Amino acid sequence: MAASSLASRAVASLSPSISTGASRDDAGSSSVVGFHKRSSAFTGRRVRISSGHGSSAAHGRRSCVVAATAAPVKESPPKIADALVTREEGLELYEDMILGRCFEDMCAQMYYRSKMFGFVHLYNGQEAVSTGFVKALKKDDYICSTYRDHVHALSKGVPARQVMSELFGKATGCCRGQGGSMHMFSKEHRLLGGFAFIGEGIPVATGAAFNTKYSREVLKDLSVDAVTLAFFGDGTCNNGQFFECLNMAALWKLPIVYVVENNLWAIGMDHFRATSVPEIWKKGEAFGMPGVHVDGMDVLKVREVAKEAIARARRGDGPTLVECETYRYRGHSLADPDELRKPEQKNKYAVRDPIAAFKKYLLENGLASEADLKAIEKKIDEIVEDAVEFADASPLPPRSQLLENVFADPRGFGIGPDGKYRCEDPAFTAGTAEV
Amino acid sequence: MAQKVLVPCSSSSSCGNVQFSPSRVHTQAIAFGGGLSQSSSRKNKSLALKAVAAKGETSAPVTAKSGHEILLFDALREGLEEEMARDPTVCVMGEDVGHYGGSYKVTKGLAEKFGDLRVLDTPICENSFTGMGIGAAMTGLRTVVEGMNMGFLLLAYNQISNNAGMLHYTSGGQFKIPVVIRGPGGVGKQLGAEHSQRLESYFQSVPGLQMVACSTPYNAKGLMKAAIRSDNPVILYEHVLLYNLKERIPDEEYVLCLEEAELVRPGKDITILTYSRMRHFVLQAAKTLVERGYDPEIIDIRSLKPFDLFTIGNSIKKTHKVLIVEECMRTGGIGASLRAAIVDNFWDFLDGRPECLSSQDVPTPYAATLEDATVVQPAQIIVKVEQMLQGLI
């Protein structure tokens, strides 16, 4: 079964201490299904494996003793014979995470300069999940997100210009300015939304997966093998639509992966105060699908789990539930004062910044030089600056756009007193006629 | 030629078959299919639309020898089956639609013919399977979602309002949602409050949705086909007591227009606007009214959203008096919206205020006497029309 193969894989950790074969109690380590060992992660105590004593570690005999330490032990990094990514892949992943981080930081700036409005939910800290999963997809695969969707859109390939314009409410936005921050859609890049209510995207994603099965089995088009990813948070996992869809997807073996971005908070509601059984990955089994827990701050681990779950879906073996342990560095939205989260918790995850960790990995394994990474960062800076300039220069939607997309078939506006369809009246479409 | 329309027996009178003089079924079968371009709906397409000016025509008459007799549920099934045979992306999902054949037999035999995936038996999770139907429609299928009873779709309100209604708009026109949401609703025979809901009013404000109500086998089949072919999300309201209505319908294929109303009986004294089951109560009352020398014009509005203001307006311009007879609740119902639309558009042609007979703002009681008192009865219609035509109100 897929679950056991995930468990048996020894995954190199990005944290400096590695213990192959020893039981891992580190909150930042493997994607093992045996969750009971990891409960410490959720109680806030951090347990790390120290291989060796003191700071002169890596040489000489390594001890595999599990010892609880208050602070990470500094040691020189071991040599890893086989890196988990090629240089090209590594740079692609790095660039995508930098794009996500830089873009979101720019959103914060723009919001406070009154260039974007309303509810804006930023993804800082969770980049490994988006990059790890979305970059493992093919172009034809679908993704479905929530209101925290900017970075999913960017990872999937929606140009930064279009996303920024949409946030500025301009006509050049990916949704013509009609959706906004919480409703990013792209037909070209197969992004099915952008949803403001939690849970309501999950059935939509399930429907896209159903379409793949239908295309193959009813329409007999075996060239269709699109997998769908549904992203949502920990709070959503207490919602009926989550459970209802897990049931249907397992029942019909739909090609879908349900990706839980468990950042431990639903606005101000602590996951543990809301959830009777906090281990979300366990709930997969109740519906007959593998439930997997992965360190969502480690892009390589996420990617590994993603590849396996996506392959499982694509070959017709059905859905997987993946719980990514992650954290958002900013508040729920830009309007959230974020007063409830304790500094200790924030710090604990701050040191596990997925970008810093991956940068370190690339450098230590000779996959990239500082210059390479700096070049990427500069490139992304320019892309994001350009996106802002483009959005700034773009026009606001004219009034005539108001009614254009209410109906795919505008005859839905009905027949007016003069016998003509309303939509035939130019004044109507220009928004100056009465509705 | 006479079209015999059998009226379901009203609960307050003894059952009997009532026949009416030929109803001038006023429809215009607009050919769909290649007419609209498939290109992105980001800008207003130049639509090759037929002007609705030819409203005076009747449909092709169905002689006693042509066409075939059919019950309403079967007409719905026929329409659905034809569309499924014509377009392999059309699929049905809902509770007991497959092996059970549908709780009102609208999908009977379809699972055997088209397979379990095209006629999908879902678990009991309206919100999620409606959402699944929407996601499937966004990505290329044309789904027909059945609510076993329309009332169950209240559980799917999140998906119907936020996703079916909105996604075309919030995506800037990128995704269309060609979904048909249908099921039996309305007040039945002592089915209890929750199974006797009048949901037209609940969904009517949702922007982006179209709503139609069928009332005869002829328009049931035609509207079913039109709804499936439409690229808009359409709610098709069927009535739980009309499924066994029998009528002779054409053998040839026909598709009705979603946005048009149906002139059931031409007249000059008063315009009576109605839909669904109340159409038959109005026709029943009309028998008495005609005997007493009145000449009501009866229009089955069919399109609950949007209203066909042309047909309605032409009638009002002729009669100057309007009575709306609906099964919807008084508060915020279809009648309430229709009155407002009539006042806005045809004020100058009215001799008096538009009147409305609606059902009571009560949860439908179980007891037969109370249930009868909840909905409008033919006797009330007669009284109201007489009052209006005698200038008493």
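Here is a chat about the sheets, the interface and a few local details.

Visitor: Before we start, what kind of model is this, and what pLDDT do side-chain atom pairs need to count?
Guide: It's a predicted model, where local features need pLDDT of at least 70, totals for chains, interfaces and linings use all residues, and side-chain atom pairs count only at pLDDT 80 or more. Residues are numbered from 1 along each chain as its sequence is written, chains are lettered from A and ligands numbered from 1 in the order in which they are written, and side-chain values use heavy atoms, with hydrogens and water left out.

Visitor: Which strands sit at the edges of the seven-stranded open sheet in chain B?
Guide: Helices (H or I, at least four residues) and strands (E, at least two) are DSSP runs, numbered from the N terminus, and two strands pair if DSSP finds at least two bridges between them. The sheet in chain B runs β3-β2-β4-β5-β7-β6-β12, with mixed pairing. The strands that pair on one side only are β3 (119–121) and β12 (303–305) of chain B.

Visitor: At about what angle does helix α3 of chain B run to β4(B)?
Guide: Axes are lines fitted to C-alpha atoms, for helices over the stretch in contact (heavy atoms within 4.5 Å), and angles run from 0 to 180 degrees between N-to-C directions. Helix α3 (residues 126–138) lies across β2, β3, β4 and β5 (180–185) of chain B. Its angle to β4(B) is about 165°.

Visitor: How much area do chain B and chain A bury between them?
Guide: The size of an interface is often given as the accessible area lost when the parts come together. Here that area is taken with a 1.4 Å probe and summed over both parts. In the contact count, 63 residues of chain B touch 57 residues of chain A. With 63% of it on carbon and sulfur atoms, the buried area is about 5,200 Å².

Visitor: Which element gives the largest share of the side of chain B that touches chain A?
Guide: Elements giving two or more residues to that side include β2, β3, α9 (309–319) and α10 (334–346) of chain B. The residues there divide into 29 nonpolar, 24 polar and ten charged. With eight residues, the largest share comes from α3(B).

Visitor: How many salt bridges are there between chain B and chain A?
Guide: A salt bridge needs a side-chain nitrogen of Lys or Arg within 4 Å of a carboxyl oxygen of Asp or Glu. Over all chains the structure holds 52 of them. Between chain B and chain A, the count is zero.

Visitor: Which residue meets Arg161(A) in a salt bridge?
Guide: This pair links distant parts of the chain, 225 residues apart. Arg161(A) is in helix α6 (residues 160–168) of chain A, and its partner is in helix α14 (residues 370–393) of chain A. At 2.8 Å, N to O, the partner is Asp386(A).

Visitor: What is phi of Leu264(A) near?
Guide: Leu264(A) is in the loop between β3 and β4 (265–266) of chain A. Its phi is positive, in a residue other than glycine, and the value is near 75°.

Definitions and conventions. Buried area = accessible area lost by both parts, 1.4 Å probe. Nonpolar A, V, L, I, M, F, W, Y, C, P; charged D, E, K, R; others polar.
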